[in-house]
Amino acid sequence: MAKNKGKIISLAFGLMSAYPEAQAEADALVRKETGKGAAELEPEGWYDTKVFHEMMEIYGRHSLSGRRNAYLTLGRKVYPTIKKTAGIPESVKTPLDFVKYEAEGFLANHQGSDVIPRKFLKLTEGLVEVYAPAPGYDELHFEGVYLGILEMCGVKSGKVENLGASVFRITW
């Protein structure tokens, strides 16, 4: 069973603030699954990825922009949030640096037998293909994460494609 850190669930919960009904539904879900409200989760504590998945489904159902955009929006906010909270090493500057750093961060924030490390199929400046299966939640989240990385690096014309079979092509 895969688990992710509470800060990932908290980020998703915070995005729902524009949708009070969704936030209330998500808080009830978290309380049922963990015995704590979403605001009470330990940021570094481990929680079943099922909680994150179900929370994102709630967000997607309530989001005016739709399920797909809800997942992409959350993903885009992951690394800007990390930058504001935990910080990002000064050595991480380029999109390529960030993609490699994301692979490490993924393993630091997930645990369990269902968690599969990133496998880079192509890893060059301007083009990365990465095998990145999601452990118990929708891969759309990763599409957003990679888009957010490109945006953080000031790349306006970057593209992230899900090629299927958990493979993403990131170009800039």
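1. Basis. The model is predicted, with local features requiring pLDDT of at least 70 and side-chain atom pairs counted only at pLDDT 80 or more, while totals for chains, interfaces and linings use all residues. Residues are numbered from 1 along each chain as its sequence is written, and side-chain values use heavy atoms, leaving out hydrogens and water.

2. Three-stranded sheet. An open sheet is formed by 3 strands in the order β2-β1-β3, with antiparallel pairing. The edges are β2 (46-48) and β3 (110-111); each has a single partner strand, so one side of each is without a neighbour in the sheet. Strands here are DSSP runs of E, at least two residues, and helices are runs of H or I, at least four residues, both numbered from the N terminus. Two strands pair if DSSP finds at least two bridges between them.

3. Strand β1 (residues 3-5) is joined to β2 by 3 bridges, and Lys 5 has Trp 46 as its bridge partner in β2. Helix α1 packs on this sheet and touches β1, β2 and β3, its direction making about 70° with that of β1. Helix α3 (residues 49-62) also lies across β1, β2 and β3, running at about 65° to β2. Contact means heavy atoms within 4.5 Å. Axes are lines fitted to C-alpha atoms, for helices over the stretch in contact, and angles run from 0 to 180 degrees between N-to-C directions.

4. Four-stranded sheet. A further open sheet has 4 strands in the order β4-β5-β7-β6, again antiparallel. Its edge strands, β4 (119-124) and β6 (159-164), each pair on one side only. The twist averages 15° from one strand to the next. Between β6 and β7 (residues 167-171) there are 5 bridges; Lys 159 has Thr 171 as its bridge partner in β7. Helix α5 packs on this sheet, touching β4, β5 (127-131) and β7, at about 165° to the direction of β4.

5. Largest pocket. The largest pocket has a volume of about 490 Å³. Of its 23 lining residues, Lys 7, Ile 8, Val 78, Ile 82 and Asn 109 are the closest to its centre. A pocket is an open set of points on a 1 Å grid over the protein atoms alone where a 1.4 Å probe fits, with protein on both sides within 12 Å along at least five of seven lines; lining residues have an atom within 4 Å of a point. Grid points are joined across faces, edges and corners, and the volume is the space filled by probe spheres set on them.

6. Lining. Helices α1 (6-15), α4 (66-85), α5 (95-108) and α6 (140-152) each supply at least two lining residues of this pocket. The lining comprises 12 nonpolar, 7 polar and 4 charged residues. Nonpolar covers Ala, Val, Leu, Ile, Met, Phe, Trp, Tyr, Cys and Pro; charged covers Asp, Glu, Lys and Arg; the others, Gly among them, are polar.
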